[in-house]
Amino acid sequence: MEIWRLPISASQRGKLISAGYTSLSSLSSISSSDLSRELKVSESEALDILKLASHSRGLEISSASCSVVEGAQNAWDMLHDEESLMHITTSSADLDNILSGGIHCKEVTEIGGVPGIGKTQLGIQIAVNVQIPHDFGGLGGKAIYIDTEGSFMVERAFQIAEACIEDMSEYNRFLRKDFQACEIRMHPKDILENIFYFRVCSYTEQIALINYLDKFISEHKDVKVVVVDSVTFHFRQDFDDMALRTRVLSGMALKLMKLAKKFSLAVVLLNQVTTKHTEGSFQLALALGDSWSHTCTSRIVLYWNGNERYAYIDKSPSLRSASAAYSVTARGIRNSSSSCKRIKMM
């Protein structure tokens, strides 16, 4: 049930919505003193609001005549929502093409591959590209980067940010020929300031941070991507009980899915590879097992084909399986070119 149905004054309703309380469930765990402080009303007034919310929530739950579960949405509206969603470009036109525009918001995308294939490079590229302004076809958002391995390189992020701004300037010069050009006010410093970096050193820290993200993003509503690099590391080091590991990972994946839907953002999980015994031989497979493979919306596998990097869509509910070549260059992720193979960036 939404807040607007509560039998309260328009002023109280406006204060609740302005403070971020849009549903009855959002009022279920707050005290009258905290609500009073947030809405700047008396504690008795806040208490009356909470009593009304509690009563309405009880009626809603106990109502046997309610035929539609709260939050139900018809398929036509869902299609409209999906068509209106923005994507985050990877800076490789070929890769964007097989992804139908780039990394999808409201989805959890897993990207895995062998060491040196460019997983972290792609993660940094996405954290930069999510900040491309709306005038240039971007989201104009901010990024959360969760680093479990210590592989995030701020110098590399600065390089990619510089290249991103140069690309927008080039696009601007192209537009100026026939159309009104867009003003570029971004600097590499601005891009780095909009990447919220978290370093986690154990699986307990990782779980605690995932639990904290809902509150953090509620306070930073312009966050449009969460990158976890990598989701695997601590769960391969510290766990002996595989059943417990599966339950913990499933719970973490569920929270990330809810974040993606609730805040209309993209979640990108970078994954490592392991060996799997199949049909009498050992083959490379993404880590964390078969149960984990079902927790993400889409799965992209990065691999080498000779000296060339490729990305393959291994699983997606809306995209066909396809592969595209890409390069890791000094400017970041780009289309494949014969001059950009297996080079060390830093």
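The model is predicted, so local features need pLDDT of at least 70 and side-chain atom pairs count only at pLDDT 80 or more, while totals for chains, interfaces and linings use all residues. Residues are numbered from 1 along each chain as its sequence is written, and side-chain values use heavy atoms, with hydrogens and water left out.

The protein has 12 helices and 13 strands; these are DSSP runs numbered from the N terminus, with helices (H or I) of at least four residues and strands (E) of at least two. Of its 346 residues, 43% count as buried. Buried means under 20% relative accessible area, exposed means over 50%, and partly exposed lies in between (1.4 Å probe, protein chains only). Among contacts (heavy atoms within 4.5 Å) between residues at least 6 apart in sequence, 63% join residues at least 24 apart.

Inside the protein, the largest nonpolar core has 44 residues. A nonpolar core is a set of buried Ala, Val, Leu, Ile, Met, Phe, Trp, Tyr and Cys residues joined through side-chain atoms within 4.5 Å. Helix H7, residues 154-175, gives the most to this core, with 6 residues. A second, separate core of 31 residues includes Val200, Leu209, Val226 and Val228.

Ile88 and Ile126 are among the residues with the most contacts inside the largest core.

Charged side chains come next. Side chains of opposite charge can pair when their charged atoms come close. The whole structure has 9 salt bridges, each a side-chain nitrogen of Lys or Arg within 4 Å of a carboxyl oxygen of Asp or Glu.

One of them joins Asp34 and Arg37 (2.7 Å, N to O). These two are 3 residues apart in helix H2 (residues 32-39), and so are separated by about one helical turn. Asp34 is partly exposed, at 30%, and Arg37 is exposed, at 58% relative accessibility.

Another salt bridge joins Asp167 and Arg331 (2.8 Å, N to O). Asp167 lies in helix H7 and Arg331 in the loop between strands S12 (323-329) and S13 (332-335), so the pair ties together parts 164 residues apart in sequence.
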